[in-house]
Amino acid sequence: MRTLPIDELRGQARGDVISSEDERYEDARRVYNAMIDRRPALIVRVANVGDVMAAVNFAREHGLDLAVRGGGHSVPGFGTCDDGVVIDLSGMRGVRVDPSASTARAEGGATWGDFNAATHPFGLATTGGIISTTGVAGLTLGGGIGYLARGFGLSIDNLVSADVVTADGRLVQTGEREHDDLFWALRGGGGNFGVVTSLEFRLHPVREIYGGPMFYELSEVENVLRFYREYIADAPEQMGAFPAFQIAPPLPFIPEDRHGDTLVAIVACWAGPVAEGEKAFEPFHDVAPVVAEFVGPMPYPALNAAFDGLLPPGLQHYWKASFVKELTDEAISAHAVHGPDVPAVNSTMHIYPINGAAHRTAPGDTAFAYRDANFATVIAGVWPDPGQNEANIAWVRRYYDAIAPHSEEGGYVNFMAADDQGRIKANYKGNYDRLVAVKRAYDPDNLFHLNQNIAP
Ligand SMILES: Cc1cc2nc3c(=O)[nH]c(=O)nc-3n(C[C@H](O)[C@H](O)[C@H](O)COP(=O)(O)OP(=O)(O)OC[C@H]3O[C@@H](n4cnc5c(N)ncnc54)[C@H](O)[C@@H]3O)c2cc1C
């Protein structure tokens, strides 16, 4: 391997520059999905925007691959690479709340746990994901789907501005009025356009929510999914709810003799007045007998972290995804066949609703094109034993193939696998050509190519 002038970069950077001789290397190269095992030449734990600029320049000048890592959750492992440079933003996770403007600015390495912890004391929140350890930047750049999306839109619909270090090592401040072409592309276009060093969001009054998971017998699956389809079409927008298949974990609220059984679940979050929560949940009690539930008033960050324990770092992941306009009877039958084969307590299938407020942004207003889809389905294969990789990947693919005829060609970029690159154009429909034009303007040599790539 050729020798790189690493000391030059060390001299420029405030943060740590970690190479393979460093005792921290093994830990620093590890990402969330244990199936990904890559050996970068350098991991730059950036401490500030200047470090990001230096690392981008270093990778470009030396013709190295460049991976960008925020929360590290990329299932295809886009946050690392072999022999190249990793910009690790996990040291840049500050969140500054402006309560008078109801906005918050998060640094590029913040997680949703960091974000919620900062905004919750003010009784404020914005749309983030389902798990608190996911990165704010990675999740937002693909769109951002979560409990609050029906009420407040996708995460990108709440993005006010973003600072980006582009391929030429420049800091570009983007928003509706500055570099609006880049700002448009960032809202759904993923990590294609540069390193986002901070993101400013609009916040909403959300402190306590009423929510949690409810479990039903597997025999009720068609009943539950049909109910869900009708209910969520015009449910109040304060309701975020999604159905799931889930092997019952050994938790105290689930009867002991049901631990390990595969069940159908609805996980719901009522972000309206908490006093109305119980009433809002009545339809979920009426649909079928409830095997177990853990539902009640809780702080929003508690629901956002409720399933973190099922998804610790170090598991094997393989996911596939598609957008869905109508959850047809045929689609429901396909779910009823393959969902019950969910292979491990960490694996699941979720059908997230993306109607409500997420539909009020037009397809061309941001890069996220599927504004006419009502659902984003993800088959999340997650398991601890690498010996099961082949069998469990096969389950995800089988399930995906069965629902594909009832789904759109495109899927949510943040839930897609490395082998889905061929579907990227379909993800962006009419927005694709404009994305290519922005890519050519800001990254003509495709320095940022370790992502669901929009080739210049
Ligand atoms: C357990 C789990 C739960 C999830 N839940 C949800 C959910 O509820 N809703 C949802 O919408 N998605 C969800 N996702 C998908 C998630 O949005 C994507 O995996 C996302 O890419 C993760 O971002 P990250 O920063 O954690 O990951 P990383 O691996 O750090 O980053 C992934 C990619 O995003 C880009 N990126 C990250 N940070 C930056 C940055 N600062 N600047 C530029 N590019 C950057 C890069 O291309 C990078 O390779 C979940 C994923 C997992 C594993």
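Me: Which residues does P213 touch, not counting residues up to four places away in sequence?

Reply: Contact means heavy atoms within 4.5 Å. By that rule, P213 touches F253, I266, V267, A292, E293, F294, V295 and F307. This is a predicted model, in which local features need pLDDT of at least 70 and side-chain atom pairs count only at pLDDT 80 or more, while totals for chains, interfaces and linings use all residues. Residues are numbered from 1 along each chain as its sequence is written, and side-chain values use heavy atoms, with hydrogens and water left out.

Me: Is P213 buried or exposed?

Reply: Buried means under 20% relative accessible area, exposed over 50%, and partly exposed in between (1.4 Å probe, protein chains only). P213 has a relative accessible area of 6% and is therefore buried. The residue lies in strand β12 (residues 208-216); strands (E, at least two residues) and helices (H or I, at least four) are DSSP runs, numbered from the N terminus.

Me: What is the order of the strands in the open sheet of four?

Reply: Two strands pair if DSSP finds at least two bridges between them. Here the order is β1-β2-β4-β3, with mixed pairing. β1 (16-18) and β3 (66-69) are the edge strands, each pairing on one side only.

Me: How many bridges join β2 to β4?

Reply: Strands β2 (residues 42-45) and β4 (residues 85-88) run parallel and are joined by four bridges. Within β4, V86 is the bridge partner of I43.
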